[in-house]
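Dear colleague,

I am handing over the structure we spoke about, and below it you will find a short account of what turned up in it. Please read the account with the coordinates open beside you.

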Amino acid sequence: DTGVSQDPRHKITKRGQNVTFRCDPISEHNRLYWYRQTLGQGPEFLTYFQNEAQLEKSRLLSDRFSAERPKGSFSTLEIQRTEQGDSAMYLCASSRGQESGYTFGSGTRLTVV
Amino acid sequence: GQSLEQPSEVTAVEGAIVQINCTYQTSGFYGLSWYQQHDGGAPTFLSYNGLDGLEETGRFSSFLSRSDSYGYLLLQELQMKDSASYFCAARGAAGNKLTFGGGTRVLVKP
């Protein structure tokens, strides 16, 4: 078990471009979460999946954000028409059940220039 | 929704004890978790309190009082490697979704 993997580690993009991030959770974990974290702040919830079903999406997310988890395995997070305010660390986490702690990946740091 | 309040920064010396308090306001609450995050690193799970009382894991202990909407993380025998940010996080009604506090930066001095 290699933990939660995220790719890429860093992404620099121009404003207006689309970006896609990938997360590979721990294989036996059925729950997968996406969070966003800016410097000096706590992680902010974006969305989560149980198996392949997306069960909740933050009201803070605009329609430019979309996430998928085909076949309940890896997940992708896409941001369309990026804005400078999207610059942040995007964290993926997985867990086994309702009272299990999250295992976080190392994150994807997005910089929009 | 949920909101959690914790102090922004705490400084202590090696060997000391530090208590990080967390108060929460929630529309649904199932338990309180604590995470540690070193600069540039990912948050790592420390503990979870689903019931009132004290949970002890080595040098770290966590406490929850539902009636007071309050919890704390106790760090004992502080070591330099404990310098990090610590986040409390509330588990809400929707599955295992966590809402995080703003974090407490702990600085351990020699």
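**What was found**

Buried residues account for 46% of the 113 residues in chain A. Please keep in mind throughout that this is a predicted model, and that the values below are computed from it.

**Chain A as a whole**

Chain A has eleven strands and zero helices, so that reading along the sequence gives the pattern β-β-β-β-β-β-β-β-β-β-β. The C-alpha trace spans about 40 × 25 × 25 Å along its principal axes. The radius of gyration of chain A is 13 Å, which agrees with the value near 13 Å that a compact globule of 113 residues would have. If one takes the contacts in chain A between residues at least 6 apart in sequence, 53% of them join residues at least 24 apart.

As for the surface, the accessible area of chain A comes to about 5,900 Å², and carbon and sulfur atoms hold 43% of that.

**Where chain B meets chain A**

In the interface, 16 residues of chain B are in contact with 22 residues of chain A. The two chains bury about 1,500 Å² between them, with carbon and sulfur atoms giving 52% of this area. On the side of chain B, N96(B), K97(B) and F100(B) supply 34% of the area that the chain buries against chain A, which is more than any other three residues supply.

**Two residues to look at**

T13(A), which is found in strand β2 of chain A, has a relative accessible area of 7% and is therefore buried, since the cut-off for that term is under 20%. Not counting residues up to four places away in sequence, T13(A) touches V19(A), T82(A), L110(A), T111(A), V112(A) and V113(A). With V112(A) the separation in sequence is 99 residues, whereas the C-alpha atoms of T13(A) and V112(A) are 5.1 Å apart in space.

R15(A) sits in the loop between β2 (10-13) and β3 (19-24) of chain A, and its relative accessible area of 58% makes this residue exposed, because exposed means over 50%. Leaving aside neighbours within four places in sequence, R15(A) is in contact with T82(A), E83(A), Q84(A), V112(A) and V113(A). By contrast, the C-alpha atoms of R15(A) and G101(A), which are 86 residues apart along the chain, are separated by 35 Å.

Technical notes: Residues numbered from 1 in each chain as written. Chains lettered and ligands numbered in written order. Predicted model: local features only at pLDDT ≥ 70, side-chain atom pairs only at ≥ 80, totals over all residues. Heavy atoms only, no water. Helix = DSSP H or I, 4+ residues; strand = E, 2+ residues; numbered from the N terminus. Rg over C-alpha atoms; globule rule 2.2 N^0.38 Å. Buried < 20%, exposed > 50% of the residue type's maximum accessible area, 1.4 Å probe, protein only. Contact = heavy atoms within 4.5 Å. Areas by Shrake-Rupley, 256 points an atom, 1.4 Å probe, with all protein chains shown as cover. Buried area = accessible area lost by both parts, 1.4 Å probe.
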